[in-house]
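Have the sequence and the 3D view ready.

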Amino acid sequence: SAGSNRIRSAILQTIIRVVDDGFRAPDAVQAPRLHFEDGIVYVEPGIGTATLELAGRSIARFKGRNLFFGGVQAVERDQHGAFWGGGDPRRGGAAEVVTAR
C-alpha cells in the first residue's frame, strides 16, 4: 500500500474486512475507509459517523473514494484454492487473476 500516514489504517481495514467480515479481496479493497489523525476522523461515504459524533469527534467527510486514504493492492487465496485480487481504484489499481493451463 501507498499512502503516507494512512498506510497502516488502509491495510488494517482491508485485512479486517477479509478475515473478520468475510469480504473477498476486491470488495475489501474498494470498501469505504476512515482514518484518525490529529484529532480528526476522516471518512469516505458509507462510513457511519453517528457514534463518533456522539463521542464529540471532529469528522471530515469526503464526497467519494479518495487518494487521501491510500491505495491497497491485495491478493487472497480462499479455502477452495481460488485466487482473488483487488486493485485500489483510488490509485488507478487493477487486478487480474490468470490461471495456467
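## Aromatic pairs

Searching the whole structure turns up five aromatic pairs. Rings of Phe, Tyr and Trp (its six-membered ring) pair if their centres lie within 6.5 Å; planes under 30 degrees apart are stacked, over 60 edge-to-face, and the rest tilted. Take Phe62 and Phe69: their ring centres are 5.0 Å apart and their planes meet at 70°, so this pair is edge-to-face. Phe68 and Phe69 also have centres 5.0 Å apart, with planes at 80°, so they are edge-to-face as well.

This is a predicted model, where local features need pLDDT of at least 70 and side-chain atom pairs count only at pLDDT 80 or more, while totals for chains, interfaces and linings use all residues. Residues are numbered from 1 along each chain as its sequence is written, and side-chain values use heavy atoms, leaving out hydrogens and water.

Which residues form one aromatic cluster? They are Tyr42, Phe62, Phe68 and Phe69. Buried means under 20% relative accessible area, exposed over 50%, and partly exposed in between (1.4 Å probe, protein chains only). Phe69 is buried at 1%, whereas Phe62, at 22%, is partly exposed.

## Around Thr49

Thr49 is buried, with a relative accessible area of 10%. Setting aside neighbours within four places in sequence, Thr49 is in contact (heavy atoms within 4.5 Å) with Val43, Ile59 and Arg61.
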